[in-house]
Amino acid sequence: MSTVTERDEVIHEFGALLGAAALLERIAGRELERRCGIRHAVFEVLLRLSDAAPECPDMGGLAGELILTSGGMTRLVDRMQEAGLVRRRAHVGDRRRHLVELTDAGRAKLDEAMRVHAETLREHFAGPLTEDERRALVTTLRTLSTTARKVLGDLR
């Protein structure tokens, strides 16, 4: 049985992980908004759509990947469509499903955002760490992700 001190240490360690991730995400999001005019969630959608070729993902699939409600995903894609970054089309086999694909403007915005995001991460994520520290951190985070996904299963 663990003592209160051991439990407190684990709680503080987990808090340090969440705190660092939240701060880094805020920095990255701030830079994407300031330099590219898009929110971090828009960047995530653009990124997933670029990785999805040649098959366009449907709205439900995107919502599951981004851990958004279907309503939240719809609102986000609506705004992205209004900005000319994506287009939506009905699924051939199921009219209730809508596929989402990048437009040329969306690809250009993604290219710009990728450059900005990489610069930001090089400075604020990679910069403070040695290469060995970063490699160990990434290996550890992948282990935690794999374990958590097994516990949670499909999030859709």
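Hi everyone, let's start in helix α1, where Glu-31 and Arg-34 sit three residues apart, about one turn of the helix. Helices here are DSSP runs of H or I with at least four residues, strands are runs of E with at least two, and both are numbered from the N terminus. A quick word on the source: this is a predicted model, where local features need pLDDT of at least 70 and side-chain atom pairs count only at pLDDT 80 or more, while totals for chains, interfaces and linings use all residues. Residues are numbered from 1 along each chain as its sequence is written, and side-chain values use heavy atoms, leaving out hydrogens and water.

Back to our pair. Glu-31 and Arg-34 join their side chains in a salt bridge at 2.7 Å, N to O; the term means a side-chain nitrogen of Lys or Arg within 4 Å of a carboxyl oxygen of Asp or Glu. Glu-31 also meets Arg-30 in a salt bridge, at 3.5 Å. How exposed are these residues? Glu-31 is buried at 9% relative accessible area, Arg-30 is partly exposed at 48%, and Arg-34 is exposed at 59%. Buried means under 20%, exposed over 50%, and partly exposed in between, with a 1.4 Å probe and protein chains only. The salt-bridge network links Arg-30, Glu-31, Arg-34, Arg-35 and Glu-119. The whole structure has 11 salt bridges.

Another one pairs Arg-89 with Glu-101, with the closest N and O atoms 3.5 Å apart. Arg-89 is in strand β1 (residues 86–90) and Glu-101 in strand β2 (residues 98–102), so this pair ties together parts 12 residues apart in sequence. Arg-89 is partly exposed at 36%, whereas Glu-101 is buried at 18%.

Now, helix packing. The axes of α2 (residues 40–51) and α5 (residues 104–126) come within 10 Å and cross at roughly 115°. That makes α2 roughly perpendicular to α5, a label for angles of 65 to 115 degrees. In α2 we find Leu-46, which is buried at 0%. Leu-46 and Met-80 are 34 residues apart in sequence, with their C-alpha atoms 9.3 Å apart in space.

Last stop, the surface. Phe-14, Leu-17, Leu-18, Leu-141 and Leu-144 form a nonpolar patch with about 440 Å² of accessible area together. Patch residues have over 30% relative accessible area and no salt bridge, and nonpolar side chains (Val, Leu, Ile, Met, Phe, Trp, Tyr) are joined within 5 Å. Which helix gives the most to the patch? That is α1, with three residues. Phe-14 lies in α1 and is partly exposed at 48%.

Note on methods:
Patches are made of residues with over 30% relative accessible area and no salt bridge: like charges are joined within 9 Å, nonpolar side chains (Val, Leu, Ile, Met, Phe, Trp, Tyr) within 5 Å. Accessible areas come from the Shrake-Rupley method with a 1.4 Å probe; for residues, only the protein chains shown count as cover. Axes are lines fitted to C-alpha atoms, for helices over the stretch in contact, and angles run from 0 to 180 degrees between N-to-C directions. Angles under 35 degrees count as roughly parallel, over 145 as roughly antiparallel, 65 to 115 as roughly perpendicular and the rest as oblique.
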